[in-house]
Amino acid sequence: MITPDNRCGPTQTPDDIDIDALRAKYRHERDKRLRPEGSKQYLELKDDYAEFAEIDPHTPVTPRMPIDENIEVAVLGGGFSGLLAGAYLKKAGVDDVHIIEMGGDFGGVWYWNRFPGIQCDNDAYCYIPMCEELDYVPSKKFADGSEIYEHCRRIAKHFGLYDGAILSTQVRTARWDERIKRWRLSTNRGDDIRARFVVMAQGSFNRPKLPGIPGIKDFKGHMFHSARWDYDYTGGDANGGLHKLHDKRVALVGTGATGVQLVPHLGRDSRHLYVFQRTPSSVDLRGNEPTDPRWAAALRPGWQEERKRNFHRWSPLGDGVVFDEPDMVCDFWTELGRNLTARVAAAEDPAALTVEQIMAMREEEDYKLMERLRRRVAAVVQDPETAEALKPYYRFMCKRPCSNDEYLPTFNRPNVTLVDVSESRGVERLTENGIVAGGIEYHVDCIVFASGFEITTDIGRRYAVEAIEGRGGLSLFDHWRDGYKSLHGMTSRGFPNQFFTGFIQGGVAGNTTAMLEQQAEHIAYIISQAVARGANTVEPSQEAQDNWIKTIRETSIDGTEFAISCTPGYYNNEGGGGGEGIRSAIGDPYMPGFYAFDDLLREWRAKGDLDGLELENADE
């Protein structure tokens, strides 16, 4: 049970490691996976491949007449980002809010992703937003996807966001119309929606991506992306029981966070499972526990914000060393922080340590932590060759850390085969009958692509909007091609009345939904103030935007060396090939810290003068 007394200390990690040798091993393992095309190795899901993204397996699309009307606020995206934007707009007194969502309901990633075994990878008491406001406590530490999806719907109902929602609709273009001072939105349903304000809330996990495997159109069996799970084919539901796979040979392509959750179910239910792995994930024990009802009943007002702040401090994006409060979350995300804190505390004079010395200690603790995880693989997986292939040789946070109690034991099953494709940098090709890897053709009936989302690819691909054009036809994609240009990461000059959420130029929390809530509150304030002051448009001045970019640059910490050292993946834009260079998954963050940024925004709002924003009134 999760109880009020859960506290934890440092973990036991191996001391008998050769860090220099491991550095060399890490470089070797990275280099053999680098591909010259970088993120362009993935197919954009449009034209011939649109079916992998645009088919909604959960909600039939109901025919309707095209919408032709003026609205106050259009929020593009109905996941947590859009829901929080809508909720805070309503709280700020802006009622005419229309969330436009490609799916048939709210939820975003939690609407689309309903694959077997799906759970939150973060502490649910932190991750699920507005728990306290909606009088809700998650049922367990790592909540199931269905529980989070229902909470998304709970937020939408509580704030009346179903009223005016435009579902099963995808925005194709967004163009500023200077004549009417509105954004004109065209959609796949033939709509002409003229919105006074637009909030871009597509989220980081908005658009699935597909590996560009030669022959992908030749395969005659069944194929789908994990974000569009086909239960008609597999049987069962998100809890498992995939009974229709009992006579099927299944290929799973991808062993990231999704693959780690899928393997136990596919291994249990299919006739044979082939897992095609380019890079192994680090997989720790999960130990998921139900919530103790006594703990839930004893929670005091402010409990969620306290826990979120605590998690951030102990997380890899937090303070690093925390002496003044215990770790309340106590999981694989906070282990490195605990171990580093204990290491610093054991120094002869902790206060005398330099930043460089602490960072060196952190690096050593990182290597020891990863070695602990590799030795766990060796202890669990019986076949030595399979175990070696499953060992992660890279730094912690080079690839999204995972936890699962059943993933590694599944490779001891006789009907599960791991196919290591690291030497060939991925699957070689598809044929009519299956997949070729290492010169061997594996005959399969079904291929599941667990290949992730457009997270660090080009901005145009990530937004999944064909064109975003501001004043004078200025393309956002061109405007941001060489780097973000914004004020506080939420507005950009030349794009009046348009607001952005996500990883751009703001605060980055260890808990993503905390960042989205922070942005939603700030955006709602600006829009409500623009309305109250009778402004037609609001956008940053050139001076304010330039100053913010300067602030971001002056306070930045260059993480390029670390990113380059990492195994290729979405955290470093696949190693920066294809001429794109290293692109961080967290944008250009405000490096003094997430809560320092929160203080900055609160002080900015408290002044009340909308400093740095230009408002054009209706009579001007």
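Lys and Arg count as positive here and Asp and Glu as negative, with His and the chain ends left out. Select those charged residues: the mean positions of the 74 positive and 96 negative charges lie 2 Å apart. Each charge is placed at NZ of Lys, CZ of Arg, CG of Asp or CD of Glu.

This is a predicted model, in which local features need pLDDT of at least 70, side-chain atom pairs count only at pLDDT 80 or more, and totals for chains, interfaces and linings use all residues. Residues are numbered from 1 along each chain as its sequence is written, and side-chain values use heavy atoms, without hydrogens and water.

Next, show the whole chain as a cartoon. It has 20 helices and 21 strands. These are DSSP runs numbered from the N terminus: helices are H or I of at least four residues, strands E of at least two.

Now colour by burial. Of the 620 residues, 58% count as buried. Buried means under 20% relative accessible area, exposed over 50%, partly exposed in between (1.4 Å probe, protein chains only).

Go inside. A nonpolar core is a set of buried Ala, Val, Leu, Ile, Met, Phe, Trp, Tyr and Cys residues joined through side-chain atoms within 4.5 Å. The largest has 99 residues; among those touching the most other members are Trp229, Phe411 and Ile527. Select residues 512-532: this is helix 17, which gives the largest share of this core, 10 residues. A second, separate core of 26 residues includes Ile71, Trp176, Tyr463 and Ile468.

Last stop: Phe411. Leaving out residues up to four places away in sequence, Phe411 touches Val263, Val275, Val381, Thr386, Leu390, Val416 and Leu418. Contact means heavy atoms within 4.5 Å.
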